[in-house]
Amino acid sequence: MKVALFIPCYVDQFYPNVAIATLELLEKYGCEVSYPKNQTCCGQPMANSGFEHLTGGCDRNFVNNFKGYDYIVAPSGSCVLHIREHLHDEDDPEEAKKIRETTYELISFLTDILKVKELNASFPHKVGMHQSCHGLRGLKLAQMSELNAPDFSKPAQLLNMVKDIEIIHLGRVDECCGFGGTFCVAEEAVSVKMGQDRVADHIQHEAEYITGVDMSCLMHMEGILKRQKSNVKIIHLAEILNGGTK
Amino acid sequence: MKVADHAERSRIFNKDVDRVDWHDETLWFVRGKRDKTIHQIPEWEELRNTASQIKAHTLSNLHYYLQEFEKNATANGVTVHWAKDGAAHNQIVLEILKKNKINQMVKSKSMLTEECHLNHFLEENEVEVIDSDLGERILQLAKDTPSHIVLPCIHMKKEEIGELFHEHLGTPAGNADPQFLTAAARESLRNTFLNFKAALTGVNFAIAETGEIVVATNEGNADMGVHLADVHIASMGIEKLIPQRKHLGVFLRILTRSATGQPITTYSSHFKKPGAGKEMHIILVDNGRTRQLGRADFRNSLKCIRCGACMNTCPVYRRSGGHSYHNVIAGPIGSILAPNLDMKEHADLPFASTLCGSCSNVCPVKIDIHDQLYKWRQVIVKEGYVDPAKKVAMEVMAKALASPTLYRLAGKAARTTLKYAPFVVNNKFNAWYLHREMPEVPKSSFGEWYQKNRKNND
C-alpha cells in the first residue's frame, strides 16, 4: 500500500517529532510511505479567513505532490477536513476528486483502513483526550456530545490498546479549545480564555498529559500551559501510539 | 462613528474574568439541561430531520403558503398587513393605534419588533410601550438591549436587577430574591394589563392551513395582554409559516427542549380570530428575508425558530456576551443573519467563531450554521469589507504557500521568529504572545530530517 505522508506546515516547522512518529507508525503497519518533498500547506489559513479564492496555487501544488498514491495520511483532522471539503483543481478535477476521497487523518486511517487490532506501546500516565473540533464534528472521529446517537470514539479505541495509560474524564468532553486558525490572534481575548478554560478542565481532573489529533489545538494549549508554568505537557496521539515518550 | 467590532467588545468583556466565568457557566448549565432532555427522546434526531425538511419545503413554496395564510386569516376576520421593512412595519402599527385612538400598548416577546426598533419609533410618536416579558421589562427599565433571544437579560446578575427594581418599582434595597422580584414585576404589570387597550405579540408559528398563529410563552403574558385589550397586533417575519396544523407538534416538541431543556413552554397559545367587538391584525414582515431567501448558500438560515440553542452551546458567545455581536440577534445564528441586513456593519461577525460546529449540531432545524459562517467570510472578503492589510498579507501568504521554494525559505524564518507562520500572519503585534508562549523551536524541520534519514525515498 503506497501511502503519501502529508505533514501540515506548522507540524513540519515546529513539531517534527509528531511527523516522525506518524511516519514510523505507518511503516510499522507495513505501509510503503513517501514524503513528497515539495508539499507546503493545504490552504486552510487563507480559506478560513475568507480568501478561499486565493488557494488555487496551493491546491495545484497539493495535487502535483500527492497524485498517484493509494492513500494520503496526515496527523491532523483540521488539514484533512479542509482537503476533503475544499481541494479543487481546474486542470485536473479527476485527480483532485481522487485525492479528496483518499486523504485520511491518521487515527481513522489506523482504525478504518489498516484496522489496527494491537499496539506495542506503553504510556504510564494520566492523559486527557482533547477532541479537536474538525476531527470530531468534521471527520466524525468520535460521537459528538450534542447528538442523541450511539457512543463511539476512534481515538479511544486506539488509546485503549496502550498499556498502563489512564484516560481521565473531563467536565466538558468536547468543547473547543479556542485555537481556530487566525481566530487565535484576531479574537485574542476569547481565544485565550477558551484555551485557559479547556486547560483548566484537564488540570482539575489531574491530567499529566493532554493529547489529541491536531497539533494546532495542542500548540495553543501548550502556549497557555507554559505561560502558567504548569507541569502538564501536551503530546500528539501519534507519539503515544508509536510507543510513548522518547 | 465606527461601531467597535466583536473582537474589541470581547476584549473589554473579558477584563472581568469572574463575570465571564459566571456567564459561561450559566449558559453551559442551560446547554446541559438541553442535553438531558433530548436524551429522553429516542427519536430526537429524526425530529430534527423532520423539522428541517418541513421548513425547507415551506421556504421553497413560501409564496404559496403566504397567500394561503392571508386568505385563511382574512376569512377568520383578521386584518392582514404586508410590510416591506422595519419602517413600514412600524408605520402600520402606529396607524392601527391612531385609528383606534390608543396611545398605550403592552408588548410581549417579539424579537422582530426589536429588529424593527419599534419601541423607539412609538415613543417618538407619543405612544407608551410596556414590555410584559419579565426579561424584556427588566431591560426596558435598565434602558438596555437583549443579549440573548430567549434569555434577554442573561448578562445581568440578580443583584443588579434587585437594585434596578429598588430604583424603579420601590422594592426594598438589597433584596435580590428572584421570587420576590418576580412578584414585584407581576404586580406592577397588572395595572398595565388592565388599562392598556392594545397588545402586540410576536409569533412563533403561523399555520397556513388555518390562518392561526401560535405564541409560546412561560409567563402567560401574551394571553393576558391580548385578552384584556381591544386590539391585538401580531408581528411576524414571513419565515414563521408552517403549512399545516399537524406539523406544529414537531416544532413544539423541539423548540423548548432546545431552548431551555423544558419539554414545552407553560403556554402554547393559539390565536385565530378577534374576540367579539375586538380587532386582530397580523403584520407579515419581510425586512431582508426575501433577499436572504434568494441567497442559495444562506437560505437555510430562515429555518431558524429562535430557540437560542446555538448561543448556549457557542464557546465564543458564552465568553464574549451577546452585546459583543452589536446586533439584535447575537451568537452564531445572529452572525449569519446580520450580514444580510447590513454587510459592512456586520462584516466582523462571521469571523467571531472558531468554526467548531457545535451550533449546527444543537440546531433543532439543522441549519448548517458553521458552514454558512465560512461562506459569509468568502462573500465579505469578495465584497471588499476586509482590512486592506489583511488582504495584502493573505496574498503574500498564498504566493508563499503555492511555491515550495518560498515556503522553505519562509519556514526557516518562521522557526526563528514565528513571524510568518500562517496562524500569526497579518498581525502587526504578535497577539499570540500576550498570554501564550511560543512553541519551542526544533533544530530542523521534518522535511530536513527526512532528507537526512530516509534518503532512499524521494
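This is a predicted model: local features need pLDDT of at least 70, side-chain atom pairs count only at pLDDT 80 or more; totals for chains, interfaces and linings use all residues.
Now select helix 5 itself, residues 77-86 of chain A. The helix is mostly covered, with seven of its 10 residues buried. Colour Gly77(A), Ser78(A), Cys79(A), Val80(A), Leu81(A), His82(A) and Ile83(A): these are the buried ones.

**The sheet of chain A**

Next, show the open sheet of four strands in chain A. Its order is 2-1-3-4, and the pairing is parallel. Look at the edges: strand 2 (32-34) and strand 4 of chain A each have a single partner strand, so one side of each has no neighbour in the sheet. From one strand to the next, the twist averages 30°.

Pick Leu5(A) and find Val73(A) opposite, in strand 3 of chain A.

**Chain A as a whole**

Along the principal axes, the C-alpha trace of chain A spans about 50 × 40 × 40 Å. Buried residues account for 60% of the 246 residues in chain A. Take the contacts in chain A between residues at least 6 apart in sequence: 76% of them join residues at least 24 apart.

**The two domains of chain A**

Colour by domain. In the domain assignment of chain A, domain 1 is 2-113 and domain 2 is 126-241. Their C-alpha centres are separated by 22 Å. Which parts of domain 1 of chain A touch domain 2 of chain A? Select helix 1, helix 2, helix 3, helix 5 and helix 7 (106-113) of chain A; each supplies at least two residues to that side. Across this contact, 25 residues of domain 1 of chain A meet 22 residues of domain 2 of chain A. By class, the domain 1 side has 14 nonpolar, 10 polar and one charged residues.

**Where chain A meets chain B**

The contact takes 63 residues from chain A and 63 residues from chain B. On the chain A side, helices that each supply at least two residues include helix 1 (9-14), helix 2 (16-28), helix 8 (133-138) and helix 11 (188-204). Which helix of chain A gives the most to this side? Helix 12 of chain A does, with seven residues. The classes on the chain A side are 31 nonpolar, 20 polar and 12 charged residues.

**Into chain B**

Chain B is divided into domain 1 (41-287) and domain 2 (397-453). Their C-alpha centres lie 53 Å apart.

Finish at strand 2 (residues 104-107) of chain B. Four bridges join this strand to strand 3 (residues 128-131) of chain B, running parallel. Val106(B) stands opposite Ile130(B) there. Three bridges join strand 2 of chain B to strand 4 (residues 198-201) of chain B, also parallel. For that pair, select Lys107(B) and Leu200(B), which stand opposite each other.

Terms used. Residues are numbered from 1 along each chain as its sequence is written. Chains are lettered from A and ligands numbered from 1 in the order in which they are written. Two residues are in contact if their C-beta atoms, placed from the backbone, lie within 7 Å. Ala, Val, Leu, Ile, Met, Phe, Trp, Tyr, Cys and Pro count as nonpolar, Asp, Glu, Lys and Arg as charged, and the others, Gly among them, as polar. Two strands pair if DSSP finds at least two bridges between them. A residue is buried if 20 or more other C-beta atoms lie within 10 Å of its own, exposed if 12 or fewer, and partly exposed in between; C-beta atoms are placed from the backbone. Domain bounds come from an automatic or database domain assignment. Axes are lines fitted to C-alpha atoms, for helices over the stretch in contact, and angles run from 0 to 180 degrees between N-to-C directions.
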